[in-house]
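Thanks for coming. I will start with one residue and its surroundings, then go to a second one, and finish with the whole chain.

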Amino acid sequence: MNTEGIKDLLYKMADDQLIIGHRNSEWTGFGPLLEEDIAFSSMAQDKVGQSYQLYNILNELGEADPDTIAFMRNADQFHNCQLVELPNGEYDFSLVRHFLFDTAELLRFQMLSNSSFEPLANLSRKIKGETKYHSMHANIWIKQLGSATEESISRLQSALEYALPFALGIFEPSSHEQDLINEGIFEGEDALKNKWIEVITAVINETRLSLPDFKSITPVYGGRMGKHTEHLQPLLEEMSEVFKVDPTSDW
C-alpha cells in the first residue's frame with residue numbers, strides 16, 4: 001500500500017478541516033443572526049475535531065503528534081486548498097464557501113467510507129454524519145437567499161463567481177493519484193469533482209443563481225503543494241499563540 005500517498009491524502013484533508021474550522025470560528029459573535037453565529041461556531045468545533053482525528057492517523061503512520069503537526073508548521077508546509085484560507089469577508093462569501101467546500105467534503109467522506117485503508121474508512125463513516133448536517137445547512141441558506149431579494153441574489157452570484165476558481169483547487173490532483181485509485185484507497189479527485197459539479201448544479205438550479213461553464217474556469221492550484229496566499233501565515237500565527245505559550249494545553 002502506498003503509505004506516502006495515504007499521508008498526502010490525510011494531510012490535505014486534515015489541513016483543510018483545521019483551516020476552515022478556524023475561519024468558521026471567526027464568525028463567533030459576528031453572525032448576521034444568532035442562529036448563524038451558533039451554527040458557524042458549531043461547525044468550526046466539528047471541523048477542528050475532525051482535523052485532530054486525521055492528524056492522529058498520520059501520527060500512527062509515523063508523523064509527528066497532532067499538536068506539532070497543527071501548530072508548529074509554516075504556511076509552505078501546509079497542504080490545504082487556498083479556498084479555506086481566504087478571509088471570511090461578508091456573509092455572502094462565507095456562505096458560498098461553506099456550500100462549495102462542505103458539498104465536496106461530504107462527497108469525499110462518503111467515497112472514503114469504502115476505502116481499502118481501514119483506519120480512514122472507519123473515520124470517514126463517522127465524520128460523514130457530521131458533514132451531512134453541515135452540507136444541509138449550506139443548502140438551505142443558498143436556496144433561500146438565492147431566490148430572495150435582488151440584493152441577496154446579486155451578492156451570492158458575485159461571491160459564487162469569485163469562489164469557484166478557488167473551489168476547483170479542492171480537487172488539485174496528487175502525484176500519488178493513480179496509486180490511490182489502483183489500490184482502492186480513494187476514487188480520485190476527478191471522480192470527486194465530477195460528483196461535486198453534479199450536486200452543486202442541482203442545488204443552484206433550485207435558485208435564481210447561475211453557474212458558469214466549468215471548462216471556462218481556471219482552477220487555483222498550488223495549495224496542495226504548499227503555495228498559499230498571504231492570508232495563511234498570519235492565520236497560523238494566531239492559531240498557534242496558545243500552544244506556543246502552553247504546549248500542554250488541550251484542543
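A polar atom of the Ser-240 side chain sits 3.3 Å from the backbone oxygen of Glu-237. A polar contact here is a pair of N or O atoms within 3.5 Å, where one must be able to donate a hydrogen and the other to accept it, and residues adjacent in sequence count only if both atoms are side-chain atoms. This is a predicted model, in which local features need pLDDT of at least 70 and side-chain atom pairs count only at pLDDT 80 or more, while totals for chains, interfaces and linings use all residues. Residues are numbered from 1 along each chain as its sequence is written, and side-chain values use heavy atoms, with hydrogens and water left out.

Where is Ser-240 found? Ser-240 is in the loop between helix 9 (232-239) and helix 10 (241-245). Helices are DSSP runs of H or I of at least four residues, strands are runs of E of at least two, and both are numbered from the N terminus. Is Ser-240 buried or exposed? Its relative accessibility is 2%, so Ser-240 counts as buried; the cut-offs are under 20% relative accessible area for buried and over 50% for exposed, with partly exposed in between, using a 1.4 Å probe and protein chains only. Ala-70 is 170 residues away along the chain, yet its C-alpha atom is 8.2 Å from that of Ser-240.

Next, Asn-80. This residue lies in the loop between helix 3 (66-71) and helix 4 (91-112). Asn-80 has a relative accessible area of 0% and is therefore buried. Its side chain makes a polar contact of 2.9 Å with the side chain of Glu-85. Which residues does Asn-80 touch, leaving aside those up to four places away in sequence? Among them are Lys-12, Asp-15, Asp-16, Ile-19, Arg-224 and His-228, where contact means heavy atoms within 4.5 Å.

Now the whole protein. The secondary structure amounts to 10 helices and zero strands. The radius of gyration is 17 Å, close to the 18 Å that the globule rule gives for 251 residues, so the protein is as compact as a globular protein of that length. That radius is taken over C-alpha atoms, and the rule is 2.2 Å times the number of residues to the power 0.38. The C-alpha trace spans about 55 × 45 × 30 Å along its principal axes. Buried residues account for 53% of the 251. Of the contacts between residues at least 6 apart in sequence, 80% join residues at least 24 apart.
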